[in-house]
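My entries follow in the order in which I looked things up.

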Amino acid sequence: MIYLDNAATTRPKPQEVIQAVVDAMQNFGNSGRGSHDEALTAARMIYDTRNSIAKLFGGTKGENVAFTANSTEALNIAIFGLLGPGDHIISTDLEHNSVLRPLYRLAKQGAQLSFLPADKNGQINLQDLEKLVEPNTKAVVCTHASNVTGDLVDITAVGEFCHRHGLLFILDASQSAGVFPINIKEQHIDAVCFTGHKSLLGPQGTGGLCFREGLEIRPWKTGGTGVQSYLTEQPSQYPTRLEAGTLNGHGLAGLHAALKLRLATGIEAFRAHELVLARRFYEGVKKLPGVKIYGNFNVALRAPIVTLNIGDEDAAQISDELDRRFAIATRPGAHCAPRLHKALGTVEQGAVRFSWSWANTEEETDAAIEAVRVLAEESK
Amino acid sequence: MRQPKEHFVVTFATTTGAMAMEEACRAQNIPGRLIPVPRSITAGCGMCWAAPPDARQAVEQLVIEKKLDVSGLFTVLI
């Protein structure tokens, strides 16, 4: 089987990550619940993981990293913890439902939303952000990389825009964490929301937010913390303020191992391999009859994603054919990005997404090109 | 039961604070270990750093130097 659905979740995970999870399941107690060796082993690893995440995103302190189950939970914490009724929020048509649905819920509670529009090739113009600013604009919430096209958003420009207008900047780094540089201080980012199981190569069920010092985020959930048990409210100190209930220590052990690998190898090495393969695929399929590719391939730096359609064929059927006949795993449909598919004109047809990661090879990529060639030929 | 002995104890608002203390003390070979918070301080369920009394000055200096996030300093019999 050729796995080209790494934008959904990377597969396989490095052996070091797998082994770390196994070791944790054999040895870990519950972090922050007791001071015996088993609990402390878990707590030390989680503490170290916080510091690694802070380092990855240019943060100053591990305590400004709160762990969650995924990006979606992190985005909910950031959006509902920082914004409220009466606020105007700017976002983009590129967003995943992990951003859109919390924003739509906030709009029902009285917030106002504006979206930077995408054109029919999924491109946004950051110059137009200026036109969207209102007197009550409070924040920009946007993705770093489209999960549909792989196009990157210039977050340095968005950060400067936010800084200039005194706006909060909440970044969805689901498709970019660990692959593209993110620096909360230099890029004026207030909160980076990330998942562990995609580009970071960690286990599912891990993620979090890394936020700037001094940011006041209201707790989104409350519950057991292992500390200050007789307080009736969630403790006010970070990261406990944003974490309630047992953390996914086993998963975080895997993320810890993944981060260690990432920081040792350097993010450029991982990225270069993925981008070479995605570009090879793009070059191999772009001229095939009936193949339409979405996104901007005139730039070298983009997430390792190529999304296409063949003629008017149903993307779901193409993806199923790739799976059944060629044993190639891809992702059809709307990719939880309804506004972008409306812009692309692919609401009915969907689109087939191919996405690469560290374990993919040139041979696999060439097999995928050949499969698309066969299907394109058959659909003529 | 062991005989109570005097200890210098540092408490924290979060587990992360306790971990930072342990890391800082280990790095400078300052004696002590994390233990459950004794009831003479609070009947909560957190951890505290317990050190021999003669380590007090070194620990206090570390708290200031490293800006460690502590919630209390105590001398207790445990």
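I began with helix 2 (residues 37-56) and helix 7 (residues 249-265) of chain A, which pack at an angle of about 45° with their axes 9 Å apart. Axes here are lines fitted to C-alpha atoms, for helices over the stretch in contact, and angles run from 0 to 180 degrees between N-to-C directions. Helices (H or I, at least four residues) and strands (E, at least two) are DSSP runs, numbered from the N terminus. Helix 2 and helix 7 of chain A are therefore oblique to each other; angles under 35 degrees count as roughly parallel, over 145 as roughly antiparallel, 65 to 115 as roughly perpendicular and the rest as oblique. I noted their crossing as left-handed, that is, with the near helix turned anticlockwise from the far one by less than a right angle, clockwise being right-handed.

The model is predicted: local features need pLDDT of at least 70 and side-chain atom pairs count only at pLDDT 80 or more, while totals for chains, interfaces and linings use all residues. Residues are numbered from 1 along each chain as its sequence is written, and chains are lettered from A and ligands numbered from 1 in the order in which they are written.

Next I took helix 3 (residues 71-82) and helix 4 (residues 97-108) of chain A, whose axes come within 9 Å and cross at roughly 30°. Helix 3 and helix 4 of chain A are therefore roughly parallel, and their crossing is right-handed. Among the residues of helix 3 that meet helix 4 in chain A are L75(A), I79(A) and F80(A). By class, this contact has seven nonpolar, four polar and no charged residues.

I then turned to the sheet. In chain A, seven strands form an open, mixed sheet in the order 2-8-7-6-5-3-4; two strands pair if DSSP finds at least two bridges between them. Strand 2 (65-68) and strand 4 (112-116) of chain A are at the edges with a single partner strand each, so one side of each has no neighbour in the sheet. Strand 6 (residues 168-172) and strand 7 (residues 191-195) of chain A pair in the parallel sense over three bridges, and L171(A) has V192(A) as its bridge partner in strand 7 of chain A.

Last, I checked the contact between the chains: 13 residues come from chain B and 20 residues from chain A, contact meaning C-beta atoms, placed from the backbone, within 7 Å. On the chain B side, helix 1 (15-27) and strand 2 (33-36) of chain B are the elements that give two or more residues.

Terms used: Two residues are in contact if their C-beta atoms, placed from the backbone, lie within 7 Å. Ala, Val, Leu, Ile, Met, Phe, Trp, Tyr, Cys and Pro count as nonpolar, Asp, Glu, Lys and Arg as charged, and the others, Gly among them, as polar.
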